[in-house]
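Hi,

Here is the structure I promised to pass on to you. Please have it open while you read the notes below.

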Amino acid sequence: MVVSRPWLHGFLDLCLLAMLREKPDYGYGLAQRLAAAGVADVPGGTLYPALLRLEQQGLAEPSWGPSESGPRRKYYAVTPAGRAELDTQVSEWQRFRTGIDALIVAGAENPR
Amino acid sequence: MTGWDSRFETELLRLGVQPGRARQLAEETAQQAAECAAAPDSLFGPAHLYARHLLSELKTAAVPLGGAKGPVRLRLTGVGKRYRRRTVLDGVNLTVRAGEVAAIVGANGCGKSTLLRICAGLTRPTSGSVQRTRRVGFVPQDAGTADWLTADEHFTLFGAAAGMAPRRARSTGEHLAARLAWRPTKSQPTQHLSGGTRQKLNLVLGELHAPDLLLLDEPYQGFDQGTYLDFWQQVHSWRDAGRAVVVVTHLLHDLQHVDHVHDLGAAQ
């Protein structure tokens, strides 16, 4: 499924924070996890600004780590403020999803 | 650093980023490209565009999922415009509610100004329908003012057209001008004003009668940096006051300030 950009934009922070709560990660690793989950192929020009924004808002904390090969990597970990934000966004997402599910079910039960 | 990185850093500086921060962002961006094993231009696109994009991303809050919406002030449904056989606009849909700012963007010649004139009711669309609120303020890209009249005389004249008493029109005009860091000089005809100041006059005249819907056609051309920021602050205070605003712009970094973007794409 190709997710259009405005939609992705609305949920990208939520996805990133959720993944970082599972374990700290660096940009490219997060992109791969998003793709593997089937959510989206997030272009670098969307992903990295979002990570910088999380850092700037104090929702994620960076630290430099080595890599097996190549240059060092910037790993992000979720902060307590990031967890609180994630909880808020998760409940918003659940409300949103419940609403859409209700619309779909209504259409499936009463087709015309 | 590669050519891309230095172009990126240069553009950040040009956009007003502090040198230390620009260097830091350029280095991080280079490192991000390296961890993806990609060339920066294939990952991020042209350096100058990415610089603007990054800055607007860093300033934008996440889009809320729902929430209260104001009444519709402007609704375009399937609006099209043809001049003889040339199609300028086709199937444009746009809804702007009270408390929202919409931007109309696109290349030069793609019909941005035509669309705004249709919103204002100054140009008839060939197809589709336009609903708009009664009180509309329109700020054209240029002109709209009379060279031989002073700012005060403009306030009086435009105020009269909206049914305002002369004194109230003048004091409102001066108050609005002050918000744009401009104090009109008495007895100075408009033709002696700089281009940027004339645009401020246009902006004040568009707002004089407290419209519910403001239509602005790149109204800040010739503004210096400070006034440009005052302008967007002004747009936000309109929005917070529950007005609907439509801005035509070709500046991508303006888009951080708006709720909707309507992209008309390339020139027709």
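This is a predicted model: local features need pLDDT of at least 70, side-chain atom pairs count only at pLDDT 80 or more; totals for chains, interfaces and linings use all residues.

Let me start with the overall build of chain A. There are four helices and three strands in chain A, and along the sequence they come in the pattern α-β-α-α-β-β-α. Of the 112 residues in chain A, 26% are buried. If you take the contacts in chain A between residues at least 6 apart in sequence, 51% of them join residues at least 24 apart.

Next, the sheet. The three strands of chain A make an open sheet, ordered β1-β3-β2, with antiparallel pairing. The edges are held by β1 (25–26) and β2 (60–65) of chain A; each has a single partner strand, so one side of each has no neighbour in the sheet. Between β2(A) and β3(A) there are six bridges, in the antiparallel sense. If you want a spot to look at on screen, find A:Ser63, which stands opposite A:Tyr75 in β3(A).

Now for a pair of helices. Two packed helices are described by the angle between their axes and the distance between the axes. For α2(A) and α3(A), the axes come within 10 Å and cross at roughly 120 degrees. An angle of 65 to 115 degrees would count as roughly perpendicular and one over 145 as roughly antiparallel; α2(A) and α3(A) are therefore oblique to each other. The crossing of α2(A) past α3(A) is right-handed. On the α2(A) side, the contact is made by A:Gly27, A:Leu30 and A:Ala31, and on the α3(A) side by A:Leu47, A:Tyr48 and A:Leu51. By class, this contact of α2(A) with α3(A) has five nonpolar residues, one polar and no charged ones.

Finally, how do the two chains meet, and how many residues does each bring to the contact? Chain A gives 20 residues and chain B gives 16 residues. On the side of chain A that touches chain B, at least two residues each come from α1 (5–22), α2 (27–36), α3 (44–56), β3 (73–78) and α4 (80–109) of chain A. The largest share of that side, eight residues, is supplied by α3(A). Sorted by class, the residues of chain A that touch chain B are eight nonpolar, seven polar and five charged.

Best wishes

Notes. Residues are numbered from 1 along each chain as its sequence is written. Chains are lettered from A and ligands numbered from 1 in the order in which they are written. Two residues are in contact if their C-beta atoms, placed from the backbone, lie within 7 Å. Ala, Val, Leu, Ile, Met, Phe, Trp, Tyr, Cys and Pro count as nonpolar, Asp, Glu, Lys and Arg as charged, and the others, Gly among them, as polar. Axes are lines fitted to C-alpha atoms, for helices over the stretch in contact, and angles run from 0 to 180 degrees between N-to-C directions. Angles under 35 degrees count as roughly parallel, over 145 as roughly antiparallel, 65 to 115 as roughly perpendicular and the rest as oblique. A crossing is left-handed if the near helix is turned anticlockwise from the far one by less than a right angle, and right-handed if clockwise. A residue is buried if 20 or more other C-beta atoms lie within 10 Å of its own, exposed if 12 or fewer, and partly exposed in between; C-beta atoms are placed from the backbone. Two strands pair if DSSP finds at least two bridges between them.
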